[in-house]
Amino acid sequence: MKSNIITIMKKEFARFFKDRRMVFTTIFMPGILIYVMYTFMGQGMSALYSSDEDFIPQIYAENLPDALLDMEGPVAFVTDTSAEEAKILLEEEMGCHLVAVFPEGFEEAVASYDLSSGTKAPQVELYYKSTSTDSSTAYNMMQEILASYENSMVNKFDVNQGEGPYDLASQQDMAGMVFSMMLPLLMMVFLFSGCMAIAPESIAGEKERGTIATLLVTPMKRGHLALGKILSLSAIGLLSGLSSFIGTMLSLPKLMGGQEGVDAGVYQAGDYLLLLAIILSTALLLISLISIISAFAKNVKEATSWVTPLMIVVVVISITTMIDSFKASSNVMYLIPLYNSVQCMNGVFSFAPNVMAVILTVVSNLVYTGACASILTKMFGNERVIFSR
Amino acid sequence: MREILVVKDLKKTFRISAKQQKLERTKEKVKIAVNGLSFVSYEGEIFGLLGPNGAGKTTTLRMIATLIAPDSGDVFVDGSSVCKEPDVVRSKIGFLTSELKLEEFFTPNYLFDFFGQLHGMEKSLVEQRKAKLFERFGITKFAEVKVSDLSTGMKQKVSLVISIVHDPDIIIFDEPTNGLDVLTAKVVTDFLMELKNQGKTVIVSTHIFSLVEKICDRVGIIIDGTMALCDTLSNVTREKCLEDVFFDIYAERAGEAS
C-alpha cells in the first residue's frame, strides 16, 4: 500500500498544477515580483545617490580666490551675484546649487595664518540645500575642491595617492559578504512564505471543507496520508522558494548598484548542490511544522494566524548570520533545527561551505521531519483534531 | 442468517465546553453520546437506526466507520474489530454522510479514479465500476465537470457513487435522504433497495419514519444513546404504526427521566 503515498502526492500535485492561478501566484509571481522590486529599488537608490554624469553644478561664489577660479574641475563658478541674492536662487532651486562665501582677502589671510597662534583660521561658508540631490552633490564636490586646495598649500603627506589597489578584498569576497549576509534570511523568508501559501490550505482547508474525513474512511493508513501531504507540499514549497531565490540572484547585482562581481556566477555548481540539499531539507521541516499547526487549527484563517509566530521565530533565527557571536561554534550546533539551515547557507554563500555541517543539517532535518510526520499521523487519527470545527 | 455487523456495548462520551455547560445548565463536564449500545445486523438486510437529533445515531455510525474510537465496547464488521483492525474494517465498508465532502476542484471522473486507487483497486476494475455507476446515476454527462459546478443533487450522487467505488458488502448511510429533493431522494432509496437485492447489507440512520417503513427490514430505536427497541419492522409495527410506537417509547422514557 506504499503506492497510497504516491496517489496522495499525485492528487496534491494535480490540485496545485492544474490550477493555473495558484501556479502563477505561488511559483511565478514571487520570483517576478522580487526581480522587478529589487531592480526598481536598485535603480531608485543609485538615482538618489548619483547625479547625471554631465551635471555641472552652478556655484555662486563671493570673493572667490583666483587659484580656485583657475582650477579645472567639473563645476561652474558664478561670481557676479551677491551672496544674498544667490541664496534666494538656491532656496528657490533656480539654477544655483551652492553658495560659497569666502572672507575678503582670503588668500592672504590663509598664507599668513599661523596654526600655533591659537586664533581662528579663516573660514569659508558653504550654503547648500540637502533636500536637493544636485545641491548635495555640489556641496560634496566643493568640499573636495577646497580640501585639495588646502592640501596644495600645506602638503605634509599623502594617503593612498599611489597606483593601488589598496582594498585587498577581491570581487569574490565582496559578493560573498553581500550574499552571505542577505541571502540566508531572504531564502528562509521566501521558503516560509511558499510553504505558508499552500500548507494551511491543504491541511486546515481540507479539514474545514470536510474533504479530509472522506479520505480517512478509505483503508489508507493515516501515516501514508501524512507523508504524501508533506512530500508533495514540500516540493511545491521548494519550487516557490526557488523562484524567489532565482529572482533575487538575478536582481541583486542591480540592487547593489551594479557592483562588479556581485552576481550569481561567483558560485560553483557544487555550492548550488549543497544549497539545494539544505533548502530541500528545510522545506520538508517547514512544511511539517506548518502542517501540524494547520491540523490543530479549525480553519485556514486560524491556521494562518497561528503560523505567524513561527514566521517571526524563523526571521529572528535567520538574523543570526549577521551577528558574529551567534555563529555556530561547533558541529553539534548544526543539530538545532532552522538555525542549522541558516548557518549552513551562510557558510556556502561566504565560500566556506562546511560539508560535515551540511550533512548534519540535512540528516537532522530529515529526522525532525520524520518525527513531525508521525505527530501528524497521530493527529489524523484523532477525532478531536479532525472533527473540531 | 449470518451476523455481519455486531455492535457490542458501545460507549462514547464527549467533553463539553464551559460555554455549552452553561447553555445546557449542567455541571457535567462530559456528555454521554452513546451509552452501552448493542445490536446486530444480518447479511443482506437494510437496518434502520431511528432516533431524534442528538440521540447518538451519527456517533454510532462514525464509530462503525472507524472515524472515531469508542470509549469502551467494540464493533465487529464481518468479523473485524474496529478497535484492532480499523484499516481492514474500512476496506469492507462504504460510508456516506453529508459531512464527507468531495474536493470541489476535481471532476467526478478524477475523484472516482483517485478513490479507486486509495482502495487498491486495479485500473480496469475502476473503469468498469465507473462506467456502470456513472451510467446508473446519470453522471456520465457530468464526468468532466468540476464538482463545484455541479448541482446539489448531482454532488450527492457523485458522493454516493464514490463511497461505494470498491463495491463494499456493507454500506453505511447517515441520513441518506437529508437535504435532497424528492427526485434525488427517490434515486437514493431505490438504489438502497437495489443494493439489498444484490445481497449487500445496508445500515441507515434517519429520523424519518416513512423512510424506515419503506425500506428497512429491521429497525433499532435509539433514544439518549441507548437502544430502546430493536426488532424486525414487522414485529415492531404489528399493533401500531411506527410513529406511534416511537412516541410511546419516547413518552415512557421522558416519564422515567422526570
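Author: Before we look at single residues, a residue counts as buried if 20 or more other C-beta atoms, placed from the backbone, lie within 10 Å of its own, as exposed if 12 or fewer do, and as partly exposed in between. This is a predicted model, in which local features need pLDDT of at least 70 and side-chain atom pairs count only at pLDDT 80 or more, while totals for chains, interfaces and linings use all residues. Residues are numbered from 1 along each chain as its sequence is written, and chains are lettered from A in the order in which they are written.

Reader: So is Glu175(B) buried or exposed?

Author: Glu175(B) is buried, with 21 other C-beta atoms within 10 Å. It has a positive phi of about 45° although it is not a glycine.

Reader: Where does Glu175(B) lie?

Author: Glu175(B) lies in the loop of chain B between β7 (170-174) and α7 (182-197), where helices (H or I, at least four residues) and strands (E, at least two) are DSSP runs numbered from the N terminus.

Reader: And over in chain A, what is the phi of Leu338(A)?

Author: Leu338(A) has a positive phi of about 70°, although it is not a glycine, and it sits in the loop between α11 (300-318) and α12 (339-349) of chain A.

Reader: Changing topic, how many residues does the contact take from chain B and from chain A?

Author: Chain B gives 20 residues and chain A gives 18, counting two residues as in contact if their C-beta atoms, placed from the backbone, lie within 7 Å.

Reader: Which elements give two or more residues to the chain B side?

Author: Those are α3 (86-92) and α4 (108-118) of chain B, and α4(B) supplies the largest share, four residues.
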